[in-house]
Amino acid sequence: MCIRDRYMGKTVGIVGVGGLGHFGVLFAKALGADRVVGISRKADKKDDVLALGADEYIATSEDADWATKNKRSLDLIISTVSSEKMPLTDYLGLLKTKGSLIQVGAPDGGNLPPVNAFTLIAGGIKIGGSAIGSPHEIEEMLQLAADQKIKPWVQERPLKEANQVLVDFEAGKARYRYVLVNEKHASK
């Protein structure tokens with residue numbers, strides 16, 4: 001089964017729409033998901049995420065009753081966040097029966113929030129993880145990126161600002177990838 005077949009007709013949520021998550025939105029749309037929902041804590045990325053191709057956006061710290069309003073609306077959630085403080089039980093509640101959450105973000109220490117077994121059992125929900133695909137899947141995704149002209153959103157910054165870039169990155173200011181440019185050797 002090719003990767004595209006796994007997404008066609010699905011409703012996909014991307015939790016954490018930063019450096020990795022913005023790729024999730026781009027690829028989910030390119031792979032034929034019927035609906036893509038960007039999910040983040042704050043609404044400050046909403047316009048960008050919709051411009052990336054998401055159909056909807058949920059700001060978990062700002063949208064009242066977001067978990068109830070969106071209950072059982074997603075087939076698949078790809079979580080790119082790296083915080084063990086995420087509202088995992090609420091995210092699982094967004095999944096339709098037999099839905100899946102795939103964790104690709106790596107929390108410090110590797111810990112995820114606790115999950116009540118009945119949350120999984122009642123909905124037939126699956127939790128999995130992934131770091132990288134097989135060589136065949138990587139080739140397929142690179143070909144898809146070339147065919148669909150998927151490009152990351154980057155901000156070029158001078159190499160001499162590398163220390164400030166790290167500070168800005170830690171402060172969450174990247175939209176959505178920083179690229180350091182060695183101005184001395186950059187083509188003009």
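1. Helix α2 is mostly covered, with eight of its 10 residues buried, where buried means under 20% relative accessible area, exposed means over 50%, and partly exposed is in between (1.4 Å probe, protein chains only). The buried residues are G21, H22, G24, V25, L26, F27, A28 and A30, and they pack against α1 (3–7), β1, β2, α3 (46–52), α7 and β8 (177–181). Helices (H or I, at least four residues) and strands (E, at least two) are DSSP runs, numbered from the N terminus.

2. The model is a predicted one, in which local features need pLDDT of at least 70 and side-chain atom pairs count only at pLDDT 80 or more, while totals for chains, interfaces and linings use all residues. Residues are numbered from 1 along each chain as its sequence is written, and side-chain values use heavy atoms, with hydrogens and water left out.

3. Helix α2 (residues 21–30) lies across β1 (11–15) and β2 (35–40), and runs at about 170 degrees to β1; axes are lines fitted to C-alpha atoms, for helices over the stretch in contact, and angles run from 0 to 180 degrees between N-to-C directions. Just after α2, G32 takes a positive phi of about 95 degrees.

4. The sheet is open and has six strands in the order β3-β2-β1-β4-β5-β6, with parallel pairing, two strands being counted as a pair if DSSP finds at least two bridges between them. At the edges stand β3 (56–59) and β6, each with a single partner strand, so one side of each has no neighbour in the sheet. From one strand to the next the twist averages 20 degrees. Strand β5 (residues 95–103) is joined to β6 by four bridges, the two running parallel, and S100 stands opposite K126 in β6. As background, strands of a sheet pair through backbone hydrogen bonds, either parallel or antiparallel.

5. Which residues does Y91 contact, leaving aside its neighbours within four places in sequence? They are V15, I39, T60, W66, I77, M86 and L101, with contact meaning heavy atoms within 4.5 Å. Y91 is found in helix α5 (residues 88–93) and counts as buried because its relative accessibility is 4%. Y91 and L112 are 21 residues apart in sequence, and their C-alpha atoms are 12 Å apart in space.

6. T60, one of the residues in contact with Y91, lies in the loop between β3 and α4 (66–69). T60 has a relative accessible area of 15% and is therefore buried. Not counting residues up to four places away in sequence, T60 touches I39, S40, R41, W66 and Y91.

7. The structure holds eight salt bridges, each defined as a side-chain nitrogen of Lys or Arg within 4 Å of a carboxyl oxygen of Asp or Glu. In one of them the side chains of R35 and E56 meet at 2.5 Å, N to O. This pair links distant parts of the chain, with R35 in strand β2 and E56 in strand β3, 21 residues apart. R35 counts as partly exposed at 23% relative accessibility, and E56 likewise counts as partly exposed at 31%.

8. R157 forms a salt bridge with D168, the closest N and O atoms being 3.0 Å apart. Because R157 lies in strand β7 (residues 154–158) and D168 in helix α8 (residues 162–170), the pair ties together parts that are 11 residues apart in sequence. R157 counts as buried at 14% relative accessibility, and D168 is buried with a relative accessible area of 10%. D168 also forms a salt bridge with K173, for which the closest N and O atoms are 4.0 Å apart, and a network of salt bridges links R157, E161, D168 and K173.

9. I132 is placed in the loop between β6 (126–129) and α7 (135–148), and is exposed, with a relative accessible area of 65%.
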